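Open the model in your viewer and keep the selection tool at hand.

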Amino acid sequence: MTTTALVALTSPYPFWQLSDRHAGQLRSAFPDVRFLLVQEHDVPAEIRTADVYFGWSFDAEWLSASPRLRWTATPSAGVDHWPAVALEAAGITLTRGYGYHGRPIAEHAIGLLLGFSRGLFTSARLQSRSVWWKDDVADSFFDLYGETLTIVGCGSIGIRLAEVAQSLGMHVIGVRRSPPRSEPGGIEWVPAHRVREALPRSRAVVNLLPATDETHGFFDESTFEACRPGTVFINLGRASTVDHDALLGALDQGPLAGAALDVQPRKPPALDDPLRHHPRIVLTPKSAVFSHAYMDQAVAFFVDNLRRFLAGQPLNGALTPTHGGTHDPY
């Protein structure tokens, strides 16, 4: 029986869309696979013939109409919006993409760190209402060279960020449940339950935690209280991992000098949301993973996994055990 792959990768942004060129690459690489390229609203009508689904999201209601489905894949790093439990119960593998999110996220994180450390955000805030703001920058800037950066949830994305930070002369502490099997050079590894030992040593903290029951509210009042005075906090992980009332308190009465959030509790945040108006918070609109190379790399990852799937081999990025494989724990 011919393998059918249903692909629903549309987006308002061209760098997150499957282009005609990508479709041609898939068909050329797998001439015996039937590829159906659809809009997401067409998935319920087409998924009954699919063995493989590749898309941004998956509705649990589609399972009842998916008698042939064996593997679902997303190019996203996070799958908290996917019905992982229902897929596992149905014996369907779920894979996520990894390895290609690190570069744009590292660039975004370093951009935010430089914005704080070089007084760029201070200048942007004051240029239209201060005659001259040199003294303000002099009071708030800091060097990255010789400082410590702690990356919480330090998987493959965090390791890429660590490499860039080290090139700027920073010492990097990687926080995760357990050290990686092959430890990249120069990173000091700290288990997640000892994160409060790393925070007092850190001038900057980048949060890359995924959304799980275990990580919900990980950054709470006590965590922020453990931070060193003058710390900059950057969240490029999930909003649910941060208590935002505690974050505001840490900015107003606690040790934080500034915060940058690529994710917020509400999307978009209300116009009167205090996160929008705090003078030492910078918001970006979930744009840390913007990259014009994104879909090229996502398709290459999928192509490799599709070869594995057709050969009955373990899949990379597998989060359900049906086809085994490897994933990238924080």
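Does R194 count as buried, partly exposed or exposed? R194 counts as partly exposed, because its relative accessibility is 37% (buried means under 20% relative accessible area, exposed over 50%, partly exposed in between, with a 1.4 Å probe and protein chains only).

Before going on, note that this is a predicted model, in which local features need pLDDT of at least 70 and side-chain atom pairs count only at pLDDT 80 or more, while totals for chains, interfaces and linings use all residues. Residues are numbered from 1 along each chain as its sequence is written, and side-chain values use heavy atoms, with hydrogens and water left out.

**Stop 1: R194 and E197.** Select both side chains. They form a salt bridge with an N to O distance of 3.0 Å (a side-chain nitrogen of Lys or Arg within 4 Å of a carboxyl oxygen of Asp or Glu). E197 is partly exposed at 46% relative accessibility.

**Stop 2: R103 and E107.** Go to helix α4, residues 102-117 (helices are DSSP runs of H or I, at least four residues, and strands are runs of E, at least two, numbered from the N terminus). R103 and E107 are about one helical turn apart, because four residues separate their positions in this helix. Their side chains meet in a salt bridge, 3.0 Å from N to O. R103 is partly exposed, with a relative accessible area of 28%.

**Stop 3: D80 and R238.** The salt bridge between these side chains also has an N to O distance of 3.0 Å. The pair links distant parts of the chain, 158 residues apart: D80 is in the loop between β4 (71-74) and α3 (84-89), and R238 is in the loop between β10 (231-235) and α10. D80 is partly exposed, at 42% relative accessible area. The model has 12 salt bridges by the rule given above.

**Stop 4: D245.** Move to helix α10, residues 244-252, where D245 is found. D245 counts as exposed because its relative accessibility is 65%.

**Stop 5: H278.** Which loop holds H278? H278 is in the loop between α11 (274-277) and β12 (281-283). H278 is buried, with a relative accessible area of 11%. Show the backbone nitrogen of R280 as well: a polar atom of the H278 side chain lies 3.1 Å from it.

Conventions. Polar contact = N/O pair within 3.5 Å; in protein donor to acceptor, adjacent residues only side chain to side chain.
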